[in-house]
Amino acid sequence: MSPSSALQRSIDDCMEKQFEDYDDKFSELRQLILHNRGSGSFDCLPDILVRSVLTFLSQASKLKCSQSLECIRIVGVQRAASVAKTDTKLRRNLARMFQGQHDLDQFVVGEADARLSPDEAKAKEVEGMQKQYKKQWPQLLQRFRQGSASKDPTHVLQLLLETVDYIMTPIEAVDLYTTTTEVVGDGFSAVQEKKEVLVVVGITGAGKSVTCNWLAGRHIEKVADEDEDGEEEGTKLQVDDAKFAVGHDSFNSKTFPPTVIEVEDFILIDFPGSCDTSGIEIRIGMDIAFRRMVSRVKPAHVLALIPIESFMVGRGTVAKQQLSKLQRLLPTQGASLGAGMKADAKSASVWKIGVTKCDKDFAMKPKTLFKEAVELVKDFDECLVPHIFNLNELMFSGKASSREDLIKTLFREASTPEQNTLTEFWQRVKRVFGGDGDSGGIISDCLNPSDTEAFGRIFMSAEFEQAFIERDLEEIKRCSSFASDPATPTSGEHPTWESFSERIDAQVGELRKYTNTIIQDSKQLIDHGALSLERRCDAIKRLCGYKQCRLKLCFVEAEAQIMMSNLKNAVVLNGELHKSAMDLKRQGFFRDTDLKAVLDKYEQSCGKLTDNARSLGFTDTAALLAAVSDWAGAAAIVGGSVVGGTAWCSTTLPAFMAASGALSGGALTGLLGGGLILAVGAAIFLACEMASQLRAKGDQYSERMKDKLIMAFSALMEASDAATKHKVALGAITATLHSLEVPLRD
């Protein structure tokens, strides 16, 4: 009988056997799985049996959750995800178990399925921090309290910024310098000396808190680990008088903010577990906060912890993912920085790797496992090999000097760059981010591509536009709301030509202000790398200030889409103005000479809009309309605000007019979302509704209407030119930002 057949028979028997309680069955099944670790036999098991095993393991209590996760990883996370794909309940249970784990995404299908859950423990931590530091983090508190993601882009931006600030607050509260007094001549002089900073990082469950307690001088001992019934289930580590909170399960980490304490003559930071996450905003915020911490405490002496099981599962896939993440955050010598450049000796970081849980009380054949771990690290990056060690072996060596020796080694050999030394690389960064400062010498891409892609989609939505519409809604109402004008039928009076003429002039004036603003924005973009959105939204400006290329690309792409929507609005209005002119001709309103002047201007405008479309790679304006219509909305950047728009394809603006000539409530809503380009058209169309009244007073109004239409066509061409040039400038900065991306390593 083959090993796989024997394993299948054993698991079948275990699953069918009647046990007194769940724990007995769990223990037997776990022993079967552990005994066959690394045999490859699980790949041959039928899906129906694997599904049965996974369903059983997913019912484990929180106390047994880590053991259950270990079993699932041995079976294979990818296999588990594949089997659970057609079983919604099982997939949800596995996603719940893997919450906070790096491979949670395996059990999440689509953004709607990326379910968050309330976390009252973290909510209480936020409340405690708010009281301690007299700060407020409302979006962060709401995320943990409600366990749901907001679709409001303003809240999303704020949540990311709050996450960075929340994590940085206890770090910024620590005094990094020791002040002493020296005798100088006949007086005294204060001398400041920077304290050394030791940072411990690692995934949740890697043993960070235990290690930090040991580094802080606390006594660590091994004790029997018992289940709910008092039965021994292995060994656990116990800390006497812990300074750092210890313990986790797959649902909660004991600490979300970093724990920062001063130990003797140095500062020790237990940085939050890299999988202690509650959504993309928090994951991104934690990575940014890590880089900010490194910049603040530079140089940082970093000890990265990786549990031995990470090297054992999936041929070391989990360990490689952790190493890849660490190398993105702290590029080692020879690591990619983007733009085809690699970190040299001066710009590289050096960090130590402590392998945890690698002794006979936690793993079988620990020496062999450690040798295999070293080989894996060597294959990943040979320069890391001198810096890997067995932390458990050191911690329980029995030598009183072990702790002091390790701390001295970390201070001597592990470090982060204090200044950026790659001039060419820094100059490229400055072209797209501006500014003269750096990030403690580390300014490379460190964010996860899947996180930033999901984050970016939020800003390609109608909700993003609406968030900006509300900022200057009153200004837009002033320019667009004809229904509230004293001269409109809503006040019981008949509209006059003068009222509409003034309104058209005001709209065109606003549109030209917009055009001038975009021209200035293009100059700022080219000269300083500053987006229009950065200049109009402080939150976006602050986020771009973190100099993360993937993060800024989110806003570059959103702004580029806004420019495309403006171009679309110009094309739509261009056609509608032509239709209005022809309608006026059919009503006998226009004199032939006036109509010809309007049509000549229309042809000129068509040519300009077509040229602009072609300069952006479209065959004509029809192709541009088709491309932009695939997006949900349109928008225009106007006088310091962003005004969302409704994309009209086949419906003409005059169709929105009420029979009385006034703008209906529905039309008003549409125009408020249409930006000033469409608002210009609304004023003209309403004036056109008066054609029959004006014609009765003579043909002098023909020339006046001609002038208004020509003025509108001219404003459209200017706006289209500005949006086109800005889109081209955005294309250039997009290419540079993409060049700075650091690809993920396998």
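Buried means under 20% relative accessible area, exposed over 50% and partly exposed in between, using a 1.4 Å probe and protein chains only. The views below show a predicted model, in which local features need pLDDT of at least 70, side-chain atom pairs count only at pLDDT 80 or more, and totals for chains, interfaces and linings use all residues. Residues are numbered from 1 along each chain as its sequence is written, and side-chain values use heavy atoms, leaving out hydrogens and water.

**View 1. Helix α2 and its buried residues.** Helices here are DSSP runs (H or I, at least four residues), numbered from the N terminus. Helix α2 covers residues 22-35, and its 14 residues reach 20 Å from first C-alpha to last, close to the 20 Å expected at 1.5 Å a residue; the expected span is 1.5 Å times one less than the number of residues. Look for Asp23, Lys25, Phe26, Leu29, Arg30, Leu32, Ile33 and Leu34, the buried residues of α2. At the start of α2, a side-chain oxygen of Asp21 comes within 3.3 Å of the backbone nitrogen of Asp23.

**View 2. Cysteines Cys212 and Cys549.** A disulfide is a pair of cysteine sulfur atoms within 2.5 Å, and by this rule the count is 0 disulfides. The closest cysteine sulfur to that of Cys549 belongs to Cys446, 9.0 Å away and too far for a bond. Cys549 is buried at 2% relative accessibility, and Cys212 is buried at 0%.

**View 3. Tyr602 in helix α25.** Tyr602 sits in α25, residues 592-615, and is buried, with a relative accessible area of 15%. Leaving aside neighbours within four places in sequence, Tyr602 is in contact (heavy atoms within 4.5 Å) with Asn574, His578 and Phe713. Ser714 is 112 residues from Tyr602 in sequence, yet their C-alpha atoms are 9.2 Å apart in space.

Technical notes: Helix = DSSP H or I, 4+ residues; strand = E, 2+ residues; numbered from the N terminus. Polar contact = N/O pair within 3.5 Å; in protein donor to acceptor, adjacent residues only side chain to side chain.
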